[in-house]
Every structure is written in C-alpha cells, then in structure tokens.
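Hi,

Here is the structure I said I would pass on.

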Amino acid sequence: MTTLKTQRSPEQFTDELRGLEHVDWPSVWSGPPGYGQALDDWCTLMGWKAVPSERTLSIETVTGQHMALYPVIGGGWAPVASLSWTTWHLRADDPAENETVLERSAEMWTAYEAAARSVLGEPRFSGAWDDPAFPEPPSEGHWLMPRELRLENQSPYRLAIWPASGPEGRTTVLWVNLGLAPLAGEKRGALVKIDCYPPEAM
C-alpha cells in the first residue's frame, strides 16, 4: 500500500491561501528580525506564530498549517527568497506502486488547483511537465527547473503559476514535486507544494 504522509483538504488549502491575502509581503521579503520579542511581534502582525529552527524560520498560521521561510543566503533569515509548504505527500511502499503515486498526485493537484483558482483567479500557466507551453527558466539558478531536467524526471509533474498583482505582492506556484526519476527498484514519492516568491522572482 502507499503511505499518505501529509494531506490538507482543498477546503483547508483555500483557507490557507485566503490567510495570505492580508500578509505584508514587503516585510516578509525583507525578512524577520532575530529571536525574541521582536520576532514574536513581527509574526503577530502577519497572523503567524514563530517556530524557529536553525536554517529556516517555520511559522504556524491560524489554520494550523506550518510554513517555512527560506532565506536568500544560508546562515540567516533575511532577506527571504520564498515561503513554502506541503499540502499533500504520498509515498509508494513498493516500486510497483510508483504509477499509482503519479495518478493520485495528478488527481490531488487538480483538486488543489481548483481551490486555488477560487482565491487567486486564473493562473498564467497551468499544465503538465510535458506541456509545450510549459514556462522555461529565464536565467540559470531560477526556481524553475531547466527543461532537460524537467523532461528527464517528469518533475514538476504539474505546475500552476499566479503572478503577483503588483510590486508588493507575491508570485504563487502550485506544483507536484517528484524529485529525481527513480532507478530500477526505487520507490517514488510525490508532494503537492506551494511556493510564494517575490514579484521580481518571476
């Protein structure tokens, strides 16, 4: 049997996205202050609770979802490159289940993508890894995977992008991350993830 490690319902996912509508994104991208009361106050302004760790700042939202703020440069929390969380995660318990994992991930992504549309509207792009219109990274090191790697690994298996509505917003990406293509005998996993990036990251 496959193992479901994470699952938030599409309804919960909708609530999580709505909660981000009132976040001060310029302050997020500038990054949080260090430990202590200043960090607690900063998180409170966003409607979050801090869950500090060494490399990233994890936060808990009012919906109970844990999200991570990833810095541009390791060793500090500021500035912030992205805010990310996983809403669904399935792993195969046997290599024979790898195709089942792919099928289920496509089904769940469709449900989450519909939920996101109800909050964010029409995406700029929504499609599969082999879609001829799949967006290509504009530069080396961009968060979009190079075409060769995407085609080799079929990852992102699905992708939807909502660009920022202005300079003080965020680009929102919903995608199915498969990681590297499995070798013979390896088990596959799939994550439905959400990444929010500064507007200029597009």
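**Aromatic pairs**

There are 6 aromatic pairs in the structure. By aromatic pair I mean rings of Phe, Tyr and Trp (for Trp, its six-membered ring) whose centres lie within 6.5 Å; planes under 30 degrees apart make the pair stacked, over 60 edge-to-face, and the rest tilted. Trp-42 and Trp-48 make an edge-to-face pair, with 6.0 Å from centre to centre and 65° between the planes.

Before going on, a word on where this comes from. It is a predicted model, in which local features need pLDDT of at least 70 and side-chain atom pairs count only at pLDDT 80 or more, while totals for chains, interfaces and linings use all residues. Numbering runs from 1 along each chain as its sequence is written, and side-chain values use heavy atoms, with hydrogens and water left out.

(Buried is under 20% relative accessible area, exposed is over 50%, and partly exposed is in between, using a 1.4 Å probe and protein chains only.)

Another pair is Trp-143 with Tyr-197, and this one is stacked: 4.7 Å centre to centre and 10° between the planes. Trp-143 sits in the loop between β6 (125-128) and α5 (147-153), and Tyr-197 in strand β9 (residues 189-197), so the pair ties together parts that are 54 residues apart in sequence. (Helices, H or I of at least four residues, and strands, E of at least two, are DSSP runs numbered from the N terminus.) Trp-143 is partly exposed, with a relative accessible area of 23%, whereas Tyr-197 is buried at 11%.

You will also find one aromatic cluster, formed by Phe-13, Trp-85 and Tyr-112. Elsewhere, Arg-158 lies over the face of Tyr-157, 4.6 Å from the ring centre. (That calls for NZ of Lys or CZ of Arg within 6 Å of the ring centre and within 35 degrees of the ring normal.)

**Two helices**

Which residues of helix α3 (residues 37-46) are buried? They are Leu-39, Trp-42, Cys-43 and Met-46. Looking down the axis of α3, these fall within an arc of 95°, so they line one face of the helix. (The arc is taken from the directions from the helix axis to the C-beta atoms.) Gln-37, Thr-44 and Leu-45 are exposed on the other side of α3.

Helix α4 (residues 98-120) has 23 residues, which should span 33 Å at 1.5 Å a residue; its end C-alpha atoms are 32 Å apart, which agrees. (The expected span is 1.5 Å times one less than the number of residues.) Buried residues in α4 include Val-101, Trp-109 and Tyr-112. Just after α4 comes Gly-121, with a positive phi of about 85°.

Most residues other than glycine have a negative phi, and most peptide bonds are trans. The bond from Ala-78 to Pro-79 is cis, with omega near -10°; Pro-79 is in the loop between β4 (66-71) and β5 (80-91). Ser-155 and Pro-156 are also joined by a cis peptide bond, with omega about 5°, and Pro-156 lies in the loop between α5 and β7 (158-162). Gln-154 is in the loop between α5 and β7 and has a positive phi of about 55° although it is not a glycine. Gln-154 is partly exposed, with a relative accessible area of 26%.

Cheers
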